[in-house]
Amino acid sequence: MSTDPSRPDTPDTLRRRIAEHSSSAWALSTLRAAAECGLLERLREPSSIRHVASALSADAQVVERMADVLVAMGVLDRDDERYWISEAMAPQCAPGAVDVLRADLRALFGQSARFVEDARRGELAPGWRHTDPELIDAQGVISQATTGPVVRFALPQLPGALDRLAEPDAAVLDVGAGAAGFSIGICRAFPNVRVVGLEPGDVPYTAAVRNVLAAGLEGRIELRKQPVEALDEREAFDVSYMAQMFFPDRVLGECFARVHAALRPGGWVMTAVVHQPGSDLVPALSRLKVTLWGGGPRSFEDLERAARRAGFAEFVRMEMPGTVLPGFAARRTW
Ligand SMILES: C[S@@+](CC[C@H](N)C(=O)[O-])C[C@H]1O[C@@H](n2cnc3c(N)ncnc32)[C@H](O)[C@@H]1O
C-alpha cells in the first residue's frame, strides 16, 4: 500500500504520519549540518557549489542537495550558478548571530536525543539533568543572546530598573545560572553591575567558571555552587533573573520567597512564561519540553500567584520582540 502523504487517497496510517513529520526532522538536520560545516558562513556572499564544496572539503553533490533543501526552506536564494543566504535570513547568519543559531540547533538536537535515550533506558522523568558539555555551552550561548532583548525590551518596562542598574553598587542575581550566559551578557550591558550566579549542577558550574574566566569577568561575577534554597542574602540585589522553567513546583515557592528577601526594596525579579494552552501539536510539544526541563507549564497567572504568596506586590507582563517567549516580572515593593 502507498504511504505517499501527497496522495489524498492514502489511508491515515502511522506510517503516513511518520512520512509527514520526517520532512521536519530532515529539514532541521540539513540546517544544522549547514551550520556545523560552515556552509551558512560561506554563503553570506553568492558562491557556486563547486567553489563552496571545495572550500569545505565536502562532496559537491551532497552540498548541492543540501543547498536545494535550504532554498526550499527559504534560507537560501539562488540563480543559475550561485547560491546565497536570503535577505530575510541574513541577520541570523551574520558573524556572531550564526553562533546563536548553531547553539539553538545543538540544544534542540541534544535535548531530543537525551529524551529518546532516557526512554530507551526506562529513565523517563521530569527534570533538567543534562551533562553533555556541548549542550550546556549551547544553552549558555542562547541565554547570553537573550540579554539583548532583555536590555532593549524587558528592563525598560520595569519602572526604576534601568536607573538601578546604572548605580555604582548595582547588583544582579542569576538563579539557575547554567553556563553563565545571562550573567556575562548582563555584565557586558551594564559596566557597573556585579552578579551573583547560583548554579548547583557540577557540569554547568564548571562550564560557568570557565566561561566567566574566558570573558575576563571573574572580578564582577561571583559563581556559587548552590541551589536557590540555600540563598540567605537580605536586600542585596536590584534585579534577579530566575530560570524557574527548570525548577520543580516544590522549589518554586521557596525560590520566590528567597529572591524576594534578597532583593532591595523596589527591585524586580523576571523570568519567561513557558505556557501554551491548547491540544494542537505545537502547544502539546511545548508542554512536553517544559516538563522535561523540570518546571512544567506555568502561565502568567500561575507565576503571579506564587510570587504574590512570597510577598511580591506589583506584576508586569512583558512582550519581548525578538524572543519566542513573553516575560513575567514581579516587584518587591517598599
Ligand atoms: C538550563 S539552565 C539556564 C541556562 C542559563 N541561563 C545559561 O546561561 O546557561 C537552568 C539551570 O538551573 C539549575 N537549577 C536547577 N535547580 C536549581 C535550583 N534549585 N537552584 C538554582 N539553580 C537550579 C540547573 O542546574 C540548570 O543548570
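Predicted model: local features only at pLDDT ≥ 70, side-chain atom pairs only at ≥ 80, totals over all residues.

Biologist: Where does glutamate 235 lie?

Modeller: Phi of glutamate 235 is near 45°, which is a positive value in a residue other than glycine. Most residues other than glycine have a negative phi. As for its place, glutamate 235 is in the loop between β6 (221-224) and β7 (237-242).

Biologist: Is alanine 180 buried or exposed?

Modeller: Alanine 180 also is not a glycine, and its phi is positive, at about 75°. The residue lies in the loop between β4 (171-175) and α8. A residue counts as buried under 20% relative accessible area. Alanine 180 has a relative accessible area of 0%, and therefore it is buried.

Biologist: How many residues of helix α8 are buried?

Modeller: Helix α8 covers residues 181-189. Its buried residues include Gly181, Phe182 and Ile184.

Biologist: How are α1 and α5 oriented to each other?

Modeller: Two packed helices are described by the angle between their axes and the distance between the axes. The axes of helix α1 (residues 14-37) and helix α5 (residues 97-120) come within 10 Å and cross at roughly 130°. That angle makes the orientation of α1 to α5 oblique.

Biologist: In which hand does α1 pass α4?

Modeller: The axes of α1 and α4 are 10 Å apart, and the two helices pack at an angle of about 120°. This angle makes α1 oblique to α4. The crossing in which α1 passes α4 is left-handed.

Biologist: What separates the C-alpha atoms of arginine 65 and methionine 242?

Modeller: Arginine 65 lies in helix α4 (residues 60-72), and at 47% relative accessibility it counts as partly exposed. Along the chain, arginine 65 and methionine 242 are 177 residues apart. The separation of their C-alpha atoms is 43 Å.

Biologist: Which residues form a nonpolar patch with Leu288 on the surface?

Modeller: Leucine 288 is found in helix α11 (residues 281-293). A residue of such a patch has over 30% relative accessible area. Leucine 288 is partly exposed, with a value of 34%. The patch has about 250 Å² of accessible area together, and the residues that form it with Leu288 are Leu281 and Leu285.

Conventions:
Residues numbered from 1 in each chain as written. Heavy atoms only, no water. Patch = residues over 30% accessible without salt bridge, like charges linked within 9 Å, V, L, I, M, F, W, Y side chains within 5 Å. Areas by Shrake-Rupley, 256 points an atom, 1.4 Å probe, with all protein chains shown as cover. Salt bridge = Lys/Arg side-chain N within 4 Å of Asp/Glu carboxyl O. Helix = DSSP H or I, 4+ residues; strand = E, 2+ residues; numbered from the N terminus. Buried < 20%, exposed > 50% of the residue type's maximum accessible area, 1.4 Å probe, protein only. Axes fitted to C-alpha atoms, helices over the stretch in contact; angles between N-to-C directions. Parallel < 35°, antiparallel > 145°, perpendicular 65-115°, else oblique. Left-handed = near helix turned anticlockwise from the far one by under 90°.
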